[in-house]
Each structure stands twice: as structure tokens, then as C-alpha cells.
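Open the model in your viewer and keep the selection tool at hand. Each stop below names what to select and then says what is there.

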Amino acid sequence: MSTDINQLVELYESMKTKHRVSKVIIVNGNRVLLLQKNGTLRWELPGGHSLTKEHMKDTAVREVKEETGQKIDVVHLKYLQSLRQDGNKYKWYTYTQPFNKKIKISKEHVDYKWVSKNNLENYKLSKATNHLAIISVFN
């Protein structure tokens, strides 16, 4: 029985990870989509925790659908970066395909905005919303 070394590394990493979190930077022209978290003043990117054995790209697709009502195609998700923080594994993806502006937010959120790079500093972003990752999409 042959086991790929990458599978072993992934298994080891998953054993020491509390949560795996996927976030999606949805770009529409020169703006990105931010969602305001219910009960806070913080804004975040669409995304959330992976289910058991769920690929993180599939998590991104599922969470965008749950949080915005919009279906995105996994083929068009582009990996941007990942980070381990507080025992969690975060992955950020970009999505630059046409996106319906009619957002139907979930009960997790109270508002949404299409925000330009220059206006990001006016929003209090959640810990998992990587300001530098968003900026890098425009460079």
C-alpha cells in the first residue's frame, strides 16, 4: 500500500488544526464584497468553517451560496494564500467572474457593501478578513 507523502502531511496538519476556514474575495470591477456580521460592527469576507472531510475550495463555494444566495463555480476560484493562526488554518481565494449584485444575505449578516480598495480602511474588518490579501488582489 503506497501513501502519498502529501496525504500524510495533510493528515498530520488536520490533526493539529482546530478549524479550517475558507474566505473568498469576490471582486466586481474595482470593488470587493464585504458582509456585516450580525451583532457586531465588524465586516468580513464571505466564507466559513469546513465540514468534516470537505475540501476547502468546496467550503468556499458552499459558504458563498449560504451567505449571499449566489452560486459560484469552483473552477473559477483562485487560491491566493493561506495562514495558520490560533490553531486554525485559513485559506483565501479570489473570485473575479461576473457576480449578480442582488445579494440575499443570510441570518449571520445584517448588511453588505461593495467596497473599493481605497475605502477598506473605513470598515472595521474581522480577524479572518485579511486586509493585505484584499489589497494584493488590486495590485
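Start with Lys 71, which is exposed because its relative accessible area is 69%, over the 50% cut-off. This is a predicted model. Lys 71 sits in the loop that runs between helix H2 (56-68) and strand E5 (78-85).

Next, go to the loop between E4 and H2, where Lys 53 is found. Lys 53 is not a glycine, yet its phi is positive, at about 65°. Most residues other than glycine have a negative phi. Is Lys 53 buried or exposed? With a relative accessible area of 83%, Lys 53 is exposed.

Stay in the loop between E4 and H2 and select Glu 54. Glu 54 is buried, with a relative accessible area of 13%. Which residues does Glu 54 touch, leaving out those up to four places away in sequence? Show Arg 20, His 49, Thr 59 and Arg 62 to see these contacts.

His 49 leads on to the second largest pocket, as one of the lining residues closest to its centre. This pocket holds about 240 Å³ of space. Its lining has 15 residues, and Val 21, Lys 23, Glu 44 and Ala 128 are also among those closest to the centre. Colour strand E1 (20-28), strand E4 (47-49) and strand E6 (88-95), the elements that give two or more residues to the lining. E4 gives the most, with 3 residues. By class, the lining of the second largest pocket comprises 6 charged, 6 polar and 3 nonpolar residues.

Now turn to the largest nonpolar core, which has 16 residues. To find the residues with the most contacts inside this core, select Ile 25, Val 32, Leu 34, Leu 45, Tyr 90, Leu 120 and Ile 134. At least two residues of the core come from each of E1, strand E2 (31-37), E6 and helix H3 (131-137).

Centre the view on Leu 45. Beyond its neighbours within four places in sequence, Leu 45 is in contact with Lys 23, Val 24, Ile 25, Leu 33, Leu 34, Glu 67, Trp 92, Thr 129 and Ile 134. For the last stop, select Leu 33, Leu 35, Tyr 93 and Ile 103, which are among the 15 residues of another core, lying apart from the largest one.

Notes:
Residues are numbered from 1 along each chain as its sequence is written. This is a predicted model: local features need pLDDT of at least 70, side-chain atom pairs count only at pLDDT 80 or more; totals for chains, interfaces and linings use all residues. Side-chain values use heavy atoms; hydrogens and water are left out. Helices (H or I, at least four residues) and strands (E, at least two) are DSSP runs, numbered from the N terminus. Buried means under 20% relative accessible area, exposed over 50%, partly exposed in between (1.4 Å probe, protein chains only). On a 1 Å grid over the protein atoms alone, a cavity is a set of points where a 1.4 Å probe fits but cannot get out, and a pocket is an open set with protein on both sides within 12 Å along at least five of seven lines; lining residues have an atom within 4 Å of a point. Grid points are joined across faces, edges and corners, and a volume is the space filled by probe spheres set on the points. Ala, Val, Leu, Ile, Met, Phe, Trp, Tyr, Cys and Pro count as nonpolar, Asp, Glu, Lys and Arg as charged, and the others, Gly among them, as polar. Contact means heavy atoms within 4.5 Å. A nonpolar core is a set of buried Ala, Val, Leu, Ile, Met, Phe, Trp, Tyr and Cys residues joined through side-chain atoms within 4.5 Å.
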